[in-house]
Amino acid sequence: MVRGITRETIKSFLLGNRTSHGLLFMVVVYLLLIAIGFVYLYPLLFMFVTSMKSPEDLLNPMVQWIPTEFYVGNYLKAFRVLDYPNTLRASILISVLPSVIQTVVCSFVGYGLARYRFWGKNLIFALILATFIIPAQNTVIPQMLTYRDFGLLGNISALLLPAIMGQGYKSAIFILIFYQTFLSLPKVLEEAARLDGASDLKIFIQIALPAAIPSYIISIIFSTVWYWNETFLTVIFLEGGIQSLPMQLSKFVQAYENLYPPGVVNIFDRLNEAVKLSGTFLNILPLLVMYFVLQKWFVESVERTGITGE
Amino acid sequence: MTAHPKTRRKGIGPRVREALHGYAFVLIWIIGFAVFTLIPLLQTFFYSLNQVTVSATGIDLSFVQWENYTRALFTDPTFVELLIEYAIETLVSVPIILIFSLIIALFLNLNFRFKGLFRTIFFLPVVITSGPVIQELTAQGATSVPGIAISATVEEFLAELPSYLSNPIEYLLTSFILILWFSGVQILIYLSSLQKIDRSIYEAAAIDGASAWESFWKLTLPSLATTNLVIAVYTIIALSHFSENKVVKYIYGQTYAVEGGIGYASAMSFLYFLVLIGLLVLVYAVLNFQAKREVA
């Protein structure tokens, strides 16, 4: 057995051969990935560690990565400043509701494009691409003024109406996802149903839709995340009516000073970076929870839906 | 897409019927496009040619021709500067994001333990990247490469360089992690393209004596030509639409400013849009040229 280990086998064990990677190679890969992963996660680690620091720890230059005590005071303050229960509920509402509607409508459009031949389809694709490219600020002001005329500013309808008409946030991506999905589904069942006299709508709901469930889930998840993180549109359309978490975070300083006036509170209750980062962490916490629960859907989404853009 | 075998209604051919049903599915989108994209776009363009004042009852317009545009380009000291900065930063970021996401995708395409864990890490920023979060992280200095950006040597070195060189480098150092954070979707697209490449080509190349290095440059990269294009376009758009983008923020600020106003902001939006299209065309031309050369 010992004599079996020649120079060749050691070499292939370390450097790899045609069928498997060598140990040395894999060590390098792991080291690189861990290094890049650390750099990648650095902002999050920094945020989390800083948010756990008490005011004394913040001032102490000896305390870098490990706070001296378990301190949640920052979170208690940030929780109050963010008006967490209310803004969280608002955020969930303004992200889930438009995404569900947008997904359903986009699946309709994607199905129509994938399953029917009609004149002007290429034009529609070009326009869909255009909606993806045109920056929001080129269309948002007239919309805002129109909403104002109808008294819809600050109302969730300001987000729902575009979603109902297939013009929700990043709708082009979802239409393309459904286009790809329906294009790749076999047509046999649909044709059989058509021979049996089923209507087009019935075919869509009873045959195409159930087969595309993964795409629906992925679209809703992604759309929810994007609506949640979107602040440009929400600030313009919802300001004064609905206050979402990211909106509240962007005026954290102001909100903090309303609750803890700088001239009144003692020095340890002044706004510091630990409180700010606690607020930031509270802001992304629901997304993190969602991500780790649903991560399979996130990372496999591109493969499942087959969207690579060609 | 075969025609229907039987036509229930008389007078309408199967082709026309199919087209009508197809339109029925996309009709809502067409109306939506007109209402929420086309008309507002034209209206914004119209505003950009006017001095717009908002009053309690409505808006007052006075036609000023191209004055808002000339003001943005020739009078406003910040706008053009921001626009150039944006163009340079985008052109610096796109190759970095492309290369970085390709490297990560190549790693994740290998077989090893904890692959799922790393995939989860590299996709995480997509989920949490929002304007206010990035703003807080940048403000606290959490997005620069730890220990490099703030060192005195680097600062001295940057001071020696002319500003058109030092600005992009400074941007690179202070926002490096931020740039990488924009790679999540790109990694996934690269990964799925890599997995589509036929493995037997590599085996054939290996039998012919090609090293892994050679097969990367001669097999992998050429087959990713289209993917590169898609990812470059996606990246430019993602960077340009990001709500923390300096130009976007400036335009938004001017919308409500006393000396700015809706007309002026609309004119700047269109100039910004033009630069964005210019960047897309430029990157498209470069990558397309590359792709054609690979094929030839």
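How many residues of domain 1 of chain A are in contact with domain 2 of chain A? Eight residues of domain 1 meet nine residues of domain 2 there, where two residues are in contact if their C-beta atoms, placed from the backbone, lie within 7 Å.

Before selecting anything, note that this is a predicted model, in which local features need pLDDT of at least 70 and side-chain atom pairs count only at pLDDT 80 or more, while totals for chains, interfaces and linings use all residues. Residues are numbered from 1 along each chain as its sequence is written, with chains lettered from A and ligands numbered from 1 in the order in which they are written.

**Chain A and its domains**

Select chain A, which holds 16 helices and zero strands; these elements are DSSP runs numbered from the N terminus, helices being H or I with at least four residues and strands E with at least two. Of its 310 residues, 40% count as buried, a class that requires 20 or more other C-beta atoms within 10 Å of a residue's own, with 12 or fewer making a residue exposed and values in between partly exposed, the C-beta atoms again being placed from the backbone. Among the contacts in chain A with a separation of 6 or more, 78% join residues 24 or more positions apart.

Next, colour domain 1 (2-73) and domain 2 (77-305) of chain A separately; domain bounds come from an automatic or database domain assignment. On the side of domain 1 of chain A that touches domain 2 of chain A, helix H2 (23-51) and helix H3 (55-59) of chain A are the elements that give two or more residues, and H2(A) gives the most, with four residues. The residues on this side divide into four nonpolar, three polar and one charged, with Ala, Val, Leu, Ile, Met, Phe, Trp, Tyr, Cys and Pro counted as nonpolar, Asp, Glu, Lys and Arg as charged, and the others, Gly among them, as polar.

**Two loop residues in chain A**

Go to Asp83(A), in the loop between helix H4 (73-81) and helix H5 (84-115) of chain A, where phi is near 55°, a positive value in a residue other than glycine. Most residues other than glycine have a negative phi. Asp83(A) counts as partly exposed because it has 15 C-beta neighbours inside 10 Å.

Move on to Lys170(A), in the loop between helix H8 (157-164) and helix H9 (171-184) of chain A. Phi of Lys170(A) is near 55°, again positive in a residue other than glycine, and this residue counts as partly exposed because it has 19 C-beta neighbours inside 10 Å.

**Chain B and the contact between chains**

Now show chain B, divided into domain 1 (14-48) and domain 2 (69-129 + 182-295), whose C-alpha centres lie 29 Å apart. Their contact takes four residues from domain 1 of chain B and six residues from domain 2 of chain B.

With both chains displayed, select the contact between them, which takes 74 residues from chain B and 69 residues from chain A. On the side of chain B that touches chain A, H1(B) supplies the largest share, 20 residues, and the residues divide into 48 nonpolar, 23 polar and three charged.

**The largest nonpolar core**

Finish at the largest nonpolar core, with 128 residues; such a core is a set of buried Ala, Val, Leu, Ile, Met, Phe, Trp, Tyr and Cys residues joined through C-beta atoms within 7 Å. Val109(A), Ile175(A), Phe178(A) and Met268(B) touch the most other members, while H14(B) gives the most to this core, with twelve residues. Centre on Ile175(A), which touches Cys106(A), Val109(A), Gly110(A) and Ile128(A), not counting residues up to four places away in sequence.
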